[in-house]
Amino acid sequence: MEKVIDIQGLQKSFGNTPVLKNINLTVARGENVVVLGKSGQGKSVMIKCIVGMILPDAGSLCVLGHDIHGITRDELKELRTHIGFLFQGGALYDSMTVRENLEFPLTRVLRLKDKAEIKKLCEEVLEAVGLEDAIDKMPSELSGGMRKRMALARTLIVKPEIILYDEPTTGLDTITSKEISHLILDMQKKYQTTSIIITHDIPCAKITADRILIMNDGEYIAEGSFEELSNSDDPFIKSFFK
Amino acid sequence: MKIPSYLTSLLEESGSQAEFFLRFTRNIFKNGFEWNEFVRQCYLIGYKSIGIVVLTGFILGFVLTLQSLPTLKEFGAQNYVPSMVSISVMREIGPVIIGLICAGKVASSIGAELGSMNVTEQIDAMEVSGANPIQFLVVTRILACTLMVPILTLLADTVALAGGFFGINLSADMNAQLYFAKSFQTVVFGDFFPAFIKTFFFGFAIGFIGCYKGYHSDKGTESVGIAANTAVVTASIWIILIDAVMVQITNTFVYN
């Protein structure tokens with residue numbers, strides 16, 4: 001089993017408030033790990049530590065063989081080209097069209113120059129997420145579900161090895177949530193990515209998870225498959241699946 | 001001895017601005033230059049400000065003429081109105097007023113735009129993807145401001161002379177050839193050049209402060225307004241300070 005993410009004893013505090021107390025997590029290549037937990041428990045902080053947006057106070061954090069603590073700015077930049085991050089609100093560049101949003105990482109991160117290749121990649125990824133007709137639209141013209149699809153397309157276009165999803169179905173209706181969850185699963189199979197999915201959405205967890213972790217008070221308190229955890233006797237764990 | 005909190009926050013802010021300046025300089029030509037975005041910003045900052053700049057410049061020259069004409073007439077010196085207007089506009093009033101107008105229009109819009117990109121995590125998304133948000137967002141805006149503010153000032157100066165011509169013809173009769181000949185009769189290179197140079201500093205200050213305030217705004221919708229507001233106030237103060245320093249330098253090296 002190849003470890004893509006290896007976290008041991010991770011701690012992070014903001015001021016005097018400890019957010020991550022003792023996080024241990026190993027993610028194997030190709031695995032989909034879902035992290036469930038109440039709001040404000042540090043789930044998003046953890047994935048921001050993985051991508052180097054927040055530096056942890058203590059513990060070890062290895063991503064694709066790089067120790068985040070000892071990494072230089074240029075190495076971090078290079079590492080980030082292998083990691084996709086899907087923000088809760090999509091974080092689409094609202095002054096650019098869908099096409100320009102997709103071209104941005106291709107020309108600035110992968111430094112592609114061939115216009116035909118760029119066009120082909122954009123069309124390919126939009127077809128994969130079912131947004132072929134939206135290529136010349138502005139992000140403000142897209143619905144909530146389309147924005148999520150578009151954000152996923154922009155993340156996938158650089159073919160990252162790891163994708164970190166920060167509440168990918170928040171703010172969507174039940175049907176669109178399920179569509180996005182299935183899309184995440186399909187894309188994981190198609191692009192062979194490893195994923196960590198932060199969510200409160202139980203149907204999304206059921207569809208996407210190979211393994212679920214439950215986080216409370218800055219620590220993981222339970223781990224298992226969807227069936228194992230949903231049949232747990234612990235009233236706190238059970239409360240997530242009601 | 002306890003250091004007062006206002007002093008520590010002032011030092012923190014200064015350090016943060018110095019660090020931002022270094023990041024700007026390091027990224028100007030790092031892995032190429034964002035020409036397309038630079039041209040787009042020149043269009044937004046320069047072309048889109050032409051209306052307000054032309055209107056301000058015209059009124060500036062017009063009002064200055066109308067205000068000074070009666071007084072100079074009393075001394076029989078009405079012939080000096082064109083040269084007085086051209087010297088005042090070129091040396092001081094044109095650059096400073098256009099600088100302040102651009103601080104209001106451009107610094108606020110950059111502050112609000114980058115602030116809102118910060119709130120909606122667009123800047124984080126660029127950084128996390130491995131792209132360079134400083135090069136794409138900050139370098140282009142600061143350089144576009146540095147280039148466009150002097151051009152807008154030149155435009156305003158020119159229109160101000162036309163405003164002056166219009167103003168003088170309300171109460172007297174002077175043809176355009178005579179008016180412009182008199183306007184440039186007493187103007188020397190030393191009147192125009194130092195004032196023109198300082199507009200580059202004004203432009204830089206407007207772009208830099210707008211970008212800094214927007215880029216470092218907090219993560220809330222209220223912070224977008226705060227970023228825009230503090231960008232205008234800080235950029236305006238910087239323009240006045242730069243003007244004071246530049247006048248001293250000009251007086252020392254040009255007029256002595």
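**Figure 1. Helices α5(A) and α6(A) run roughly parallel to each other.** Angles under 35 degrees count as roughly parallel, over 145 as roughly antiparallel, 65 to 115 as roughly perpendicular and the rest as oblique. This is a predicted model: local features need pLDDT of at least 70, side-chain atom pairs count only at pLDDT 80 or more, and totals for chains, interfaces and linings use all residues. Residues are numbered from 1 along each chain as its sequence is written, while chains are lettered from A and ligands numbered from 1 in the order in which they are written.

Helix α5 covers residues 144-156 of chain A, and helix α6 covers residues 174-191 of chain A. Helices (H or I, at least four residues) and strands (E, at least two) are DSSP runs, numbered from the N terminus. The two axes come within 10 Å and cross at roughly 15°. Axes are lines fitted to C-alpha atoms, for helices over the stretch in contact, and angles run from 0 to 180 degrees between N-to-C directions. The crossing of α5(A) and α6(A) is right-handed. A crossing is right-handed if the near helix is turned clockwise from the far one by less than a right angle, and left-handed if anticlockwise.

**Figure 2. Residues where α5(A) meets α6(A).** From α5(A) come A:Gly145, A:Lys148, A:Arg149, A:Leu152 and A:Leu156. They meet A:Thr176, A:Glu179, A:Ile180, A:Leu183, A:Met187 and A:Tyr191 in α6(A). Two residues are in contact if their C-beta atoms, placed from the backbone, lie within 7 Å. The residues of this contact divide into six nonpolar, two polar and three charged. Ala, Val, Leu, Ile, Met, Phe, Trp, Tyr, Cys and Pro count as nonpolar, Asp, Glu, Lys and Arg as charged, and the others, Gly among them, as polar.

**Figure 3. A:Leu142, in the loop between α4 (115-128) and α5 of chain A.** A:Leu142 counts as partly exposed because it has 19 C-beta neighbours inside 10 Å. A residue is buried if 20 or more other C-beta atoms lie within 10 Å of its own, exposed if 12 or fewer, and partly exposed in between; C-beta atoms are placed from the backbone. Leaving aside neighbours within four places in sequence, A:Leu142 is in contact with A:Ala134, A:Lys137, A:Arg147 and A:Met150. A:Pro235 is 93 residues from A:Leu142 along the chain, and their C-alpha atoms are separated by 41 Å.

**Figure 4. Strand β1 of chain A and its pairing with β2(A).** Strand β2 spans residues 17-28 of chain A and pairs with β1(A) in the antiparallel sense over eight bridges. Two strands pair if DSSP finds at least two bridges between them. A:Lys12 has A:Leu20 in β2(A) as its bridge partner. The two strands form a hairpin with two residues between them. In the turn, A:Gly15 has a positive phi of about 65°.

**Figure 5. Strand β4 of chain A, paired with β1(A) and with β5(A).** Strands β1 (residues 3-14) and β4 (residues 58-63) are antiparallel over five bridges. Opposite A:Gln11 stands A:Ala58, and opposite A:Asp6 stands A:Cys62. Strand β5 (residues 66-67) joins β4(A) in the antiparallel sense over two bridges. There, A:Val63 stands opposite A:His66. The hairpin of β4(A) and β5(A) has two residues between the strands, and A:Leu64 takes a positive phi near 50°.

Figure 6. A:Ala91 is buried, with 26 other C-beta atoms within 10 Å. A:Asp217 is partly exposed, with 13 other C-beta atoms within 10 Å.

**Figure 7. Chain B and its contact with chain A.** Chain B has nine helices and zero strands. Its C-alpha atoms fill a box of roughly 70 × 50 × 35 Å, taken along the principal axes. Of its 256 residues, 45% are buried. The contact takes ten residues from chain B and 14 residues from chain A. On the chain B side, three are nonpolar, five polar and two charged.
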